[in-house]
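These are my notebook entries on a single structure. I set down what I looked up, entry by entry.

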Amino acid sequence: MQLVSSAFFAALLFVVNANPVVVSRSPVTLPIARRFNQGSGTMTLVQQDQARAAALKHRAKRLADSGEISKRAVINEDVDNVSFGYTASIGVGCPATNCMYELIIDTGSSNTWIGASTPYTPTSSSTRTDNSIVSLRVCGSSLSGTEYIDKVTITDGLVINQQSIGVASKSAGFAPGIDGILGIGPVDLTQGTLSPANNTLIPTVTDNLFSQGTITDNKIGIFFAPTNSLESENGVLTWGGVDTSKLTSDISYTPLTSTFPSNLFWGIDESITYGESTTILSSTAGIVDTGTTMILLATDAYDKYASATGATFDTTTGMLRITPAQFANLKSLFFNIGDKSYELTANAQIWPRSLNAAIDGTADCVYLVVSDLGHPSGQGLDFINGYTFLERFYSVYDTANSRVGFATTTSTTATSN
């Protein structure tokens, strides 16, 4: 059983718009495309990311306070880029082709719900339960509704029978055409999302794909490539394994952190160094999150980064800004995770200059994608490695072994920004 979960929506939106190649119980790849949806809000991308981070922390606290917490093949699917996640066209009901919904795919959420834009129409495969969805309000978006059990079709090769779905009866704040969320976070995040069955853990779509034998491994692989276009196919989502064609190194895994509240998400421990010797962030816990655009660091680490780079705060974009001369001397950031160090090059640390207008920036300025998390370190969630980190490294979310993996790709050292 699965239900509603919190997520954010901002400017950049990932959308699946290619036909899958289906291989039963093995990887199926779909290209990821990016489109820009600026919306009518007044928040900058950084403010949206900060609001999401605050809401994730609040949700974790509420989940912990509720008393109980717990955890637990290969098929790919194309998605598209939007600042807080991806969206895919997902079928719910029977036949699925008549009931398609555009859902945000979010590693920071674990529930699935629909109905924010396109109304849900029950079919022969639909069963309404006695549970309602706990009302959620996140960053200006809200929803509430009813739980149904239904058939979910992600692709022809990814069909889930008996998936819990939250059907929104009320929703507000979603971008036009976005119908809800397909949550691929840890199952613990579903705790407390049903009423009256508030102690029920709801198997995620990935859990059910694995338990029903559709995929051979309970894991997901994600690939993004940097792009300087507002709309482009720039990645692959792989269900049940990894797309080895995207890798230029072996995958190195690190265990999920035990530190609260990061341990409720795809949380890991890492330290960050600027250049060869300047420690920006000592080893601490944080999360990997496709729903966050920037790389967010605890305020004290952010201040050290700003000082090391000589950057100044830009009030219009909410981002750090450097001059072209400073960019020429910008050193790499090293993310030390497990026994591996991942180099984020100077080019990877800047917003694509051809897209400066999209963030209301100045054409000849250089903006950094490292931003302030909004609280000091030592609170159990001291960084978020968002999309701008993930577009440089392949990432794997391994539920079965409680770990996250990373590998380099041909995009790791790209200079496209």
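**Entry on strand β6.** I looked up how well strand β6 (residues 100–106) is covered, and found six of its seven residues buried. By buried I mean under 20% relative accessible area, by exposed over 50%, and by partly exposed anything in between (1.4 Å probe, protein chains only). Helices (H or I, at least four residues) and strands (E, at least two) are DSSP runs, numbered from the N terminus. Strand β6 runs parallel to strand β11 (residues 180–183), and four bridges join the two. Within this pairing, Ile-105 stands opposite Leu-182 of β11. Two strands count as paired if DSSP finds at least two bridges between them.

**Entry on the source.** I note that this is a predicted model, in which local features need pLDDT of at least 70 and side-chain atom pairs count only at pLDDT 80 or more, while totals for chains, interfaces and linings use all residues. Residues are numbered from 1 along each chain as its sequence is written, and side-chain values use heavy atoms, with hydrogens and water left out.

I then turned to an open sheet of three strands, with the order β19-β20-β23 and antiparallel pairing. β19 (312–313) and β23 (366–367) are at its edges with a single partner strand each, so one side of each has no neighbour in the sheet. Strand β20 (residues 320–322) is joined to β23 by two bridges. Arg-321 stands opposite Tyr-367 in β23.

**Entry on the nonpolar core.** Which residues have the most contacts inside the largest nonpolar core? I found that this core has 86 residues, and that the residues in question are Ile-154, Trp-239, Leu-297, Leu-333, Phe-335, Trp-351 and Phe-406. Helix α1 (residues 45–65) gives the largest share of this core, six residues. Another core, of six residues, lies apart from it and includes Phe-223 and Tyr-394. A nonpolar core is a set of buried Ala, Val, Leu, Ile, Met, Phe, Trp, Tyr and Cys residues joined through side-chain atoms within 4.5 Å.

**Entry on helix α1.** I compared the span of α1 with expectation: at 1.5 Å a residue its 21 residues should span 30 Å, and its end C-alpha atoms are 30 Å apart, which agrees. The expected span is 1.5 Å times one less than the number of residues in the helix. Among the buried residues of α1 I list Leu-45, Asp-49, Arg-52, Leu-56, Arg-59 and Leu-63.

**Entry on Asn-385.** Is Asn-385 buried or exposed? Asn-385, placed in strand β25 (residues 383–385), is buried, because its relative accessible area is 0%. Its side chain makes a polar contact of 3.0 Å with that of Glu-270. A polar contact is a pair of N or O atoms within 3.5 Å; within protein, one must be able to donate a hydrogen and the other to accept it, and residues adjacent in sequence count only if both atoms are side-chain atoms. Not counting residues up to four places away in sequence, Asn-385 touches residues including Ile-268, Glu-270, Asp-289 and Phe-335. Contact here means heavy atoms within 4.5 Å.

Gln-163 is in strand β10 (residues 158–172) and counts as buried at 0% relative accessibility. Its side chain makes a polar contact of 2.7 Å with the side chain of Asn-208. Gln-162, also found in strand β10, is exposed, with a relative accessible area of 57%. I noted that phi of Gln-162 is near 60 degrees, a positive value in a residue other than glycine.

**Entry on aromatic pairs.** I found nine aromatic pairs in the structure. The rings of Phe-224 and Tyr-387 have centres 4.9 Å apart and planes at 80 degrees, so this pair is edge-to-face. It links distant parts of the chain, 163 residues apart: Phe-224 is in strand β13 (residues 219–224) and Tyr-387 in helix α5 (residues 387–390). Rings of Phe, Tyr and Trp (its six-membered ring) pair if their centres lie within 6.5 Å; planes under 30 degrees apart count as stacked, over 60 as edge-to-face and the rest as tilted.

**Entry on cis bonds.** The peptide bond from Cys-94 to Pro-95 is cis, with omega near 0 degrees. Another cis peptide bond joins Phe-260 and Pro-261, with omega about 5 degrees.
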